[in-house]
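Reader: Hi! Could you walk me through this one with me? I'd like to go through it feature by feature.

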Amino acid sequence: MAKAVVILSGGLDSTTCMGIAQDEGYELFPITFDYGQRHRRELECAQQVARHYGVTKHPIIPVDFLRQIGGSALTDEEISVPQSGLSHEIPVTYVPGRNLLFLSMAASYAEVLGAEAIYIGVNALDYSGYPDCRPEFIEGVQHVLRIGTKAGVEGHAIQIETPLLHWTKSQIIRRGTELQVPYELTTSCYLGEELACGECDSCRLRLKGFAEAGREDPIPYRRR
Ligand SMILES: [Zn+2]
């Protein structure tokens, strides 16, 4: 059975990627990064999702570096998470270099496993404007994997799979629902408290997506 590494945060998008990769016939190898994120509940969710899919291995990789450098509302206590709704600027919840680091580490893991693909739940439509979620960025990293890995030089470069790239949040949720993705085990809130806040960018996108998909979000909220 071909193997796929899935970058699993415990959020809605990456969990949908687990369902899609499984549906495409891959044996799932989720990898989760502990980067000192404010929303630490994600890590528990990622573990529950991995258990749900019955995986044999699920490394949780400490990336303390991102916490040490700070510079993001998600990793730096001094910067608060905005509640003001979506804007057109790159928001302070952007984590410098996050997906570049994650894809590099996932590629190392994939090479050792002999995996064919890396799934990452980036989305360039219903998103917060992060530059490392755009197709140009993914194409750039794909090029690097072709020229800078043993697998790539030997002619079987690891493929970066981004099934959600051009989907709306509601399309993601509809597809995930068809695949029986366990959304009740996921979290999306940037604040990472027991109950999702319902007001941060991430909660807003998620609630809007469920509403547009005509589905009830199965997780509890402080307010909707
Ligand atoms: Zn929230």
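Reader: Which residues are linked in a network of salt bridges?
Author: Asp23, Arg175 and Glu178 form that network. A salt bridge here is a side-chain nitrogen of Lys or Arg within 4 Å of a carboxyl oxygen of Asp or Glu. Keep in mind that this is a predicted model, where local features need pLDDT of at least 70, side-chain atom pairs count only at pLDDT 80 or more, and totals for chains, interfaces and linings use all residues. Residues are numbered from 1 along each chain as its sequence is written, and side-chain values use heavy atoms, with hydrogens and water left out.

Reader: Good to know. How many salt bridges does the structure hold?
Author: The number is 11. One of them joins the side chains of Arg206 and Asp217, at 2.8 Å from N to O. Arg206 sits in helix 8 and Asp217 in the segment after helix 8, so this pair ties together parts 11 residues apart in sequence. Helices (H or I, at least four residues) and strands (E, at least two) are DSSP runs, numbered from the N terminus.

Reader: Is Arg206 buried or exposed?
Author: Arg206 is buried, with a relative accessible area of 1%, and Asp217 is buried too, at 3%. Buried means under 20% relative accessible area, exposed over 50%, and partly exposed in between, using a 1.4 Å probe and protein chains only.

Reader: And what about Lys208 and Glu212?
Author: Their side chains meet in a salt bridge as well, at 3.6 Å from N to O. Lys208 and Glu212 are about one helical turn apart because they are 4 residues apart in helix 8. Lys208 is partly exposed at 41%, and Glu212 is partly exposed at 40%.

Reader: Switching to the metal: which residues are the protein donors of the zinc ion?
Author: They are Cys189, Cys197, Cys200 and Cys203, each through SG, lying 2.3 to 2.4 Å from the zinc ion. Donors are N, O and S atoms within 2.8 Å of the metal (3.2 Å for Na, K and Ca); water is not among the atoms, so sites may look incomplete. Along the chain, the donors follow the spacing C-x7-C-x2-C-x2-C. Cys197 and Cys200 are both buried.

Reader: What's the geometry of the zinc site?
Author: The site is tetrahedral, with angles of 103 to 118° among the 4 donor atoms. Four donors count as tetrahedral if all angles lie between 85 and 135 degrees.

Reader: Nice. Now the hydrophobic side: which residues touch the most other members of the largest nonpolar core?
Author: Val5, Ile7, Leu103 and Ile118 do, in a core of 43 residues. Such a core is a set of buried Ala, Val, Leu, Ile, Met, Phe, Trp, Tyr and Cys residues joined through side-chain atoms within 4.5 Å. Helix 4 gives the largest share of this core, 7 residues.

Reader: What does Ile7 touch?
Author: Not counting residues up to four places away in sequence, the contacts of Ile7 include Ile31, Phe33, Phe102, Leu103 and Ile118. Contact means heavy atoms within 4.5 Å.

Reader: Last topic, the rings. How many aromatic pairs are there?
Author: There are 5 aromatic pairs, where rings of Phe, Tyr and Trp (its six-membered ring) pair if their centres lie within 6.5 Å; planes under 30 degrees apart count as stacked, over 60 as edge-to-face and the rest as tilted. Tyr26 and Tyr119 are edge-to-face, 5.8 Å centre to centre with 70° between the planes. Both Tyr26 and Tyr119 are buried.

Technical notes: Four donors count as tetrahedral if all angles lie between 85 and 135 degrees; four count as square planar and six as octahedral if opposite donors are over 155 degrees apart and all others between 65 and 115; anything else is irregular.
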